[in-house]
Amino acid sequence: MAAVSLLEARGLTRHFGGLKAVDRVDFDLAEGEIHALIGPNGAGKTTFVSLLSGRVPVQSGSIRLKGRDITRMPAHARVRAGIAYTFQITQVYGALSVFDNVALAVQSRGAADLAADTMAALARVGLEARADQVAGTLSYGHQRLLEVAMGLALRPTLLILDEPTQGLALAEIAAFKDIVRAVVPGATVLLIEHNMDVVMDLAERITVLNFGTVLASGTPAEIRANRAVQTAYLGG
Amino acid sequence: MRADRGLFLHLGVLAALLALHVLAPPYHHTNLARIMVLAVYAMGYNIAFGYTGLLSLGHALFFAAGLYAAGLLVYHAGAGAPVAMIAGVLAGGAVAVAVGLLALRTAGVAFMIVTLMFAQAGYLTILYFGAWTRGDEGIVIPRAARMLGGLDLSDDNTRYLVALGLFALALLGNLALVRSPFGRVMVAMRENEERSRMLGYNPFTVKLGALAISGLYAGLSGAAYGLMFGYVGASLASVQYSILPLLYVLLGGAGTVLGPLLGALVMFYLIDYASSLTDAHQFVTGAALVALVLFAPRGILGTLRARGLRWLP
Amino acid sequence: MDFGPFLLLALMEGLVTAAVLALTASGLSLVFGIMRVVNVAHGAFFMLGAVLAWFVAEWLPGPPALAFAAALVFCPLVVGAIAAIADMAVLKRLNYEPEATIVATIGLLYILEQAALSLFGPDARPVEAPFSFRLQLPWFGYSGYKLAVVVAAALVLLGVWLILKHSRAGLLMRATQEDRDTARAFGINVDRVYAGVFAMGAGLAAIAAVLIVPISQAHYLMGGDPLLLSFIVVIIGGLGSLRGTLVAALLIGLSDGVISTFFAPTLAKIIATLVVALVLVFRPQGLFGKRAA
């Protein structure tokens, strides 16, 4: 591993009844990288990032953020510690204005100038002109961007994006890739993504999950050449 | 600025209430003073229910905490009205925090029942200590004890102005609260708790904070009610007094700053009017509750806000 | 009287309370279990049953036993019909959204109490028991009617259990409870099941009230205590669990009889309400229930 480690998970486990959603996963994130998490449906990707973000309690194993043990830290405290999570199914506050949505993220980290910082975060995703609009009336693509803006506005050290390009048009995806590239190396990005073009284009490293365990991990080129991954994805 | 439109509206309402002091016939003075004091209670309820989404059925406990803290201090300890007032406010807040620490571990229907049960236990406790509280019969606070720094609260005119003063304080405080960053977080908690958690907010502390403020309002209202109208009785702690602010807020518009006043005003005069026709005023309350949830769940101001007055705070 | 017979008397009184409570609470539990509706007007349905029983006894000439039998059939039917109408006219339109439903049933409670006050008046009125047989024990005499109440309540509860477990209607109810949308997809008329369950819940409260009214008189505010106690029973027993409800009713009824014989009733009530609140906070599945859905 080249860079300084930001986050390390060891033996991370979460079972739901008989289902081993995540089973003894070891996982490392380097500071400033874009890391993609891929795998077939039901491989445990969302459960895994839920364990990292604290939305689902860990059954066994440990998580360290910059060397500090955060395994038992509640989700809201992890957000304050620098882990931001954007939802797979967009969850903006539909009844509030676009400004208020982002302001909630900005004030959460205790900004000095709420209005200016909020507008700056909106400008990063190109929504500054819609600040006064009610979020629920935004188009789907704009709601996804707003979700990302809320994540960015927290100024996280680790930004977890759960299927961010799902349902976006091609032009929107291109713009989204630029936004993500601009996040590093100031922060680290962990990306769950189904769109392989986006993954191969953005990610510096890729981890493949299958049946709750790590199938492979490496650079895009290594993953592309990996037989086991091809089998899992293409069914042989 | 759009912000000031809201401020002017609220200042205008306060000015209108001041004008009514001169214009309205004396018969309405006592009514309006009562409405303003109860509107403070409903405003507190609205902070919990309308803004933060906490549907409590036990706010009478916080109201009664203020009422009895003030009433018992004056009656048994000979405290002055200012001390009693402050004690009442603090009692309301403290009881709300105590209830919140337990009740906020639940949500939704369970939260409603838990708050209802705590309030019921409080009501029964008042009856149980009848030697001190005189139970249902209640305590009548003597006129001499109802002096707030030279102001005679048993005088109709003074009472109206003091009620208006407290109401103005509560109203502007409420406006400032909902426009503050914390106000935004309260609404966020109501709209989507899980999302708010993932923005770094601890749902428990936010809700506890909102409930505490709500309790302070209820305590203020309870203390003021006891001192102004000179009566402290168990019926004011009964479940009806938990339903009352819910009704006012639903009618006026949950999550609007002026909704509680409007709801209190309309409901009070509706019942007043109905009482002149029949004895069946409970029927009016019941029918209003059913009609509101069926046909106008957003209440008067909530409907107006949805129909274009988006700036309404 | 010695302590032993005194305790026996307290237990017998408790058993009567428990029987009536089990009936009332099972109605509340049924409605919550199948419809997920917290019916605050349940106590009002109870009161309505008692008040209607007085009207029946007043209007029907002949021996008290006949009037009582008529009331036992007539009152639950009328109260059930009122409940079904309320369900169709109000609760259904709210789509059974929990918080709106509670507010609506509070409204319903006010309306029903007002109706009783206006039509029945503010006084408590007695209804004559169908028979006045007295059971003579070595230490004291005991009302045979009270014992009959226990037997009747047990029979009704047995009937409810048979309906739920072994009839087609019970099957429809359980299917609806399992999953409303799936039930609808399988062609079950969910609206009718809900109206039926709500009527049945109210009817059970009405039967309980008719049984108790010769002992404790009819009054327009009499619904408060049964409502509170039913809540306690249903929550302690585990929301929606009928068996838990029965066990809890027995426990609460007996201890209420014993406690209020030896302690101040207000204190007993304070403790009971606090226990309920704490059970909901720390053990929401109830003391006997497995897990709330």
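Visitor: Which residue in E5(A) does A:Arg64 stand opposite?

Guide: A:Asp69 stands opposite A:Arg64. Bear in mind that this is a predicted model.

Visitor: How do the two strands there pair, and over how many bridges?

Guide: Strand E4 (residues 60-65) of chain A pairs with E5(A) in the antiparallel sense, over 2 bridges.

Visitor: What sheet are they part of?

Guide: An open sheet of 4 strands in chain A, in the order E2-E1-E4-E5, with antiparallel pairing. Its edge strands are E2 (19-30) and E5 (68-69) of chain A, and each of these pairs on one side only.

Visitor: Which helix lies across E1, E2 and E4 of chain A?

Guide: Helix H1 (residues 45-53) of chain A lies across those strands. H1 runs at about 60° to E2(A).

Visitor: Next, E9(A). Which strand pairs with E9 in the parallel sense?

Guide: Strand E3 (residues 34-38) of chain A does, with 4 bridges to strand E9 (residues 205-210). Within that pairing, A:Val208 in E9(A) is the bridge partner of A:Ile38.

Visitor: And E10(A), does that run parallel or antiparallel to E9(A)?

Guide: Antiparallel, with 5 bridges joining E9(A) to strand E10 (residues 213-218) of chain A. A:Leu209 stands opposite A:Val214 in E10(A).

Visitor: What does A:Phe211 do in the hairpin of E9(A) and E10(A)?

Guide: A:Phe211 takes a positive phi near 50°. The hairpin has 2 residues between its strands.

Visitor: Zooming out, how many helices and strands does chain A have?

Guide: Chain A has 9 helices and 10 strands. Its C-alpha atoms fill a box of roughly 50 × 40 × 35 Å along the principal axes.

Visitor: What does the radius of gyration of chain A agree with?

Guide: It agrees with a compact globule: chain A has 18 Å, and a globule of 236 residues would be near 18 Å. Buried residues make up 44% of chain A. Of the contacts in chain A with a separation of 6 or more, 67% are between residues 24 or more positions apart.

Visitor: On to the other chains. Which pair has the most contacts?

Guide: Chains B and C, out of the 2 pairs of chains that touch. No contact joins chains A and C, where the closest C-alpha atoms are 15 Å apart.

Visitor: How many residues does the contact between B and C take from each?

Guide: Chain C gives 33 residues and chain B gives 32. On the chain C side, helices H4 (98-120), H9 (224-237) and H11 (265-282) each supply at least two. H4(C) has the largest share, 15 residues. By type, the chain C side divides into 24 nonpolar, 5 polar and 4 charged.

Visitor: And how many residues of A and B are in contact?

Guide: 18 residues of chain A and 14 of chain B. H3(A) gives the most to the chain A side, with 6 residues. That side divides into 11 nonpolar, 5 polar and 2 charged.

Visitor: Last topic: which residues have the most contacts inside the largest nonpolar core?

Guide: Among them are A:Val102, B:Val40 and C:Ala53, in a core of 289 residues. Helix H8 (residues 190-216) of chain C gives the most to this core, 18 residues.

Visitor: What is C:Ala53 in contact with, leaving aside its neighbours within four places in sequence?

Guide: Its contacts include C:Ala71, C:Cys75, C:Val127 and C:Ala209.

Note on methods:
Residues numbered from 1 in each chain as written. Chains lettered and ligands numbered in written order. Predicted model: local features only at pLDDT ≥ 70, side-chain atom pairs only at ≥ 80, totals over all residues. Contact = placed C-beta atoms within 7 Å. Nonpolar A, V, L, I, M, F, W, Y, C, P; charged D, E, K, R; others polar. Core = buried A, V, L, I, M, F, W, Y, C linked by C-beta atoms within 7 Å. Buried ≥ 20, exposed ≤ 12 C-beta atoms within 10 Å, placed from the backbone. Rg over C-alpha atoms; globule rule 2.2 N^0.38 Å. Pairing = 2+ DSSP bridges. Axes fitted to C-alpha atoms, helices over the stretch in contact; angles between N-to-C directions.
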